[in-house]
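Reader: I would like to go through this model with you and ask what stands behind each label. Could we start with the terms?

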Amino acid sequence: MPLDNVVFWVFAPIAVASAIAMLVQRNAVHAALLLIVNFFCIAVFYLLLGAPFLFAVQVIVYAGAIMVLFLFVIMLLGVDRGDTLRERLVGQRPAAIGLGLALALEVFFAVRAGVGFAAKAPVGFEKVNAGGNAQALARVLFRDYFFPFEATSVLLIVAAIAAMVLAQRKARAITQAGAEAAGRGEVA
Amino acid sequence: MLRDYLPVVLLAALAVAFAVASMTASRLLGPNRPDPVKLSAYECGNEPIRLPKGEKFGVKFYVVAMLFIIFDIETIFLFPWAVTFRTLGLFGLVEMAIFIGLVFVAYVYVWKKGGLDWAEGQGPASVREARAAAEADLGEAARAR
Amino acid sequence: MLPTPKLDFLPVLPELILAGAGIVTLLYEALAPRASRATHLGLSLVGLAAAAGASIALWDRTGDPTVLAGAIQADRLAVVARVIIISVAAVGLLLGTHYYDRSGDERRGEFYPLVLFATTGMTLIVAAADLIVVFLALEILSLSLYVLTGMSRRGQATEASMKYFLLGAFASAFFLYGVAMAYGATGTTKIAGIAHALAGQTGGQALALVALGFLAIGFGFKVSAVPFHMWTPDVYQGAPTPVTAFMAAATKVAAFGALIRVLDVSFQPLAWDWMPVIWALAAASVVVGSVLAIAQSDVKRMLAYSSIAHAGFVLTGLTAANQDGIRAALFYLIAYAMMTLGSFGVVMLVSVRGEERTSLASYSGLGRRQPLLAGLMALFMLSLAGIPPTAGFIAKVGVFGAAIRAGHWQLALVGVVSSVAAAFFYLRVVVLMYMQEPQGEEQEEDRSPLPRLALAVPAILTLVLGVFPQMLLGVLDKASVLRW
């Protein structure tokens, strides 16, 4: 068995198991840690697929930055808030599981019919990636896709405004509530 | 191709093995006679009174993390640009300058709106005042001498 | 050294101007010590006017159908959709300025850059020639709208923003998955390229069909078609009313503009496969929207359900899968944008300070208290109900005609029956305004002239398009020819 397959069969079960464990985990911090495991496994898959740049991005952005954000949000809301996961609709959970499985099967068969589960890289893949994966990506990103690339900067500006407007208002509200509580305390 | 990463894997394995081995060694070989004074936090920490139940982080951490991600993504774009920038030529340079310029607008906005101030009264303006006051003090001290 | 792509920025000039105006207002907000709303409004309106001018100048453009390395489509559909979106944004800005002025809310200077960035996303999505650009534009407009929805002190607005964001992110994921599938099936994400690849393929196209399904989910969410409509009533009700007016009217135009391209260009070779899907979405939206709107007692919620029904009517036109259908859908979108913008504008003026008086009961006797507002509201309600001589009537005739000519008479029948049922709740508002006594004692009224002036735009268009539809139909004849 080639090395690629060995690595895949080591990491694939870990990826699936950590994803499922994350879903059933009640403790939010544990779920976040399991998500990191899952992100790392996916990063390894990118490596197997010959996309080392994506591997690095996955580790830096997802396993690094996004996870920190998740943990901050969990801390922001309080770790052990009584979970209000009571189901409002009867039978929603079985229906969701059933439909989710159906969707997964549909995608599975569609992909098999469409591109197949070939174990080989597509034709010309080695040639495209020659001279480095990041370089190959850059040649496409900064030439054929230069307009979408520039449009991304507008998206980042909006994201910055969003963070400021929504979070700052919340901060102000918290400070205000605290001041009010202190005021009440003095009166009492 | 995956064999190229063998050194990385070996290094990671070595690092983990070293950490585990040294911990185990110190556990097995070192004498272990705990007493309350030894277990207490000494000089570098407070005695925890209770578990941080219901304690919440300030929303400011969240804003900083969010801003970090925005500029992190900028860096992600910069890396492939940097490794090919000779082949991309002037077009690539202008392109990246525009991108960075636009993200810089977001930075200016966040800065001026106080997104980077950690606490009230620590913004750029208050820092300038504090520095002016400190310089005045120094000047007085020098004159006094 | 790699060759640089051909740079022809003219077809994307409207977006560049809009994004530039957004950046200028953002910097003004950040750098001016006391930024004033009037300056913000002035800067934004200048930007919108310039962008509208730049779009109209593209009408007679000849040359490559796509520019900037295949990212942007330069055709007349984009021109028409842009002009509608920009007009809606201008009225929305005027309404919003008044809303925040009178509510005495905090300064909210970010309202202007956010509306401008949302408009940029909306105009970009209708001019996108690549699914990646469609996705980016979708994210720009959605992210701006999530924030605009939450820009209010009320808890309801925050809740609406949260719901919109969570469900919207979910829908975006489906859309992105669809783009990936389309790439897997055809090897390209270019809208025209997908069509070429699919036309050349034989045999089973399972992957392309799954891609189409995922893309339909993403668009279905944005246009709030049943069964992807769940968020609409809560978000439309919770958002500040001028934001609701802007987003209800402009987002639909933007999302439908892109949907038309995806269905009638990319997946034209699979038209017989997607037609039943769109048929079902249209029928479900029309019926569910009309029936649930009857049960509402809040005007904003009622209009939200009505917008779901109207999404169904536009989809009815699209089931024709030909130029006839596209033209009918475009006319419907213009009529819908105007009457929805107008009715939410009236709702904003009836509630005096923030969001009070949005119940149906507060409209009783409005004809006596505020004859002008009541008249405007009656016009928009009649148009939404599809009663001549308003734009809504011509629009409905158009989409039903297109569907019938394409052989979907059953769908047209469902639409007509639902329209009759829907007329009930629109006319109920008219009856309340004119045939009921005002309730309660005299209350404070909003009588400011500026927002009324802004509402003249949708009012005049609703009436003029109803009486002289030929003026627009001639333009739409040319706009509904897709160049690719």
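Author: Gladly. Two residues are in contact if their C-beta atoms, placed from the backbone, lie within 7 Å. This is a predicted model, where local features need pLDDT of at least 70, side-chain atom pairs count only at pLDDT 80 or more, and totals for chains, interfaces and linings use all residues. Residues are numbered from 1 along each chain as its sequence is written, while chains are lettered from A and ligands numbered from 1 in the order in which they are written.

Reader: What makes a residue of α11(C) buried, and which residues are they?

Author: A residue is buried if 20 or more other C-beta atoms lie within 10 Å of its own, exposed if 12 or fewer, and partly exposed in between. In α11(C) the buried residues include C:Trp274, C:Ile278, C:Leu281, C:Ala282, C:Ser285 and C:Gly289. They pack against α8, α10 (241-266), α12 (299-318) and α17 (409-435) of chain C.

Reader: Why is α11 of chain C called a helix, and what is its reach from first C-alpha to last?

Author: Helices are DSSP runs of H or I with at least four residues, strands are runs of E with at least two, and both are numbered from the N terminus. Helix α11 covers residues 271-294, which is 24 residues. The expected span is 1.5 Å times one less than the number of residues. The helix reaches 34 Å, close to the 34 Å expected.

Reader: What makes a set of residues a nonpolar core, and how many residues has the largest?

Author: A nonpolar core is a set of buried Ala, Val, Leu, Ile, Met, Phe, Trp, Tyr and Cys residues joined through C-beta atoms within 7 Å. The largest here has 238 residues, and among those with the most contacts inside it are A:Ala160, C:Ile125 and C:Tyr332. Helix α13 (residues 323-350) of chain C supplies the largest share of this core, 20 residues. A second, separate core of 5 residues includes A:Cys41, A:Val44, A:Leu47 and A:Phe55.

Reader: Which residues does C:Tyr332 touch, leaving aside its neighbours within four places in sequence?

Author: C:Tyr332 is in contact with C:Phe313, C:Val314, C:Gly317, C:Ala395, C:Gly398 and C:Val399.

Reader: What does chain C bring to its contact with chain A?

Author: The contact takes 30 residues from chain C and 25 residues from chain A. On the chain C side, α5(C) gives the most, with 10 residues. The residues of that side divide into 23 nonpolar, 5 polar and 2 charged.

Reader: How many helices and strands do chains A and B have?

Author: Chain A comes to 7 helices and 0 strands, and chain B has 4 helices and 0 strands. Of the 188 residues of chain A, 21% count as buried, while buried residues make up 16% of the 145 in chain B.

Reader: What is the mean pLDDT of chain C?

Author: pLDDT is the predictor's confidence in each residue, from 0 to 100. The mean for chain C is 92, and 98% of its residues reach 70 or more. The model scores ipTM 0.93 and pTM 0.91.

Notes: Nonpolar A, V, L, I, M, F, W, Y, C, P; charged D, E, K, R; others polar.
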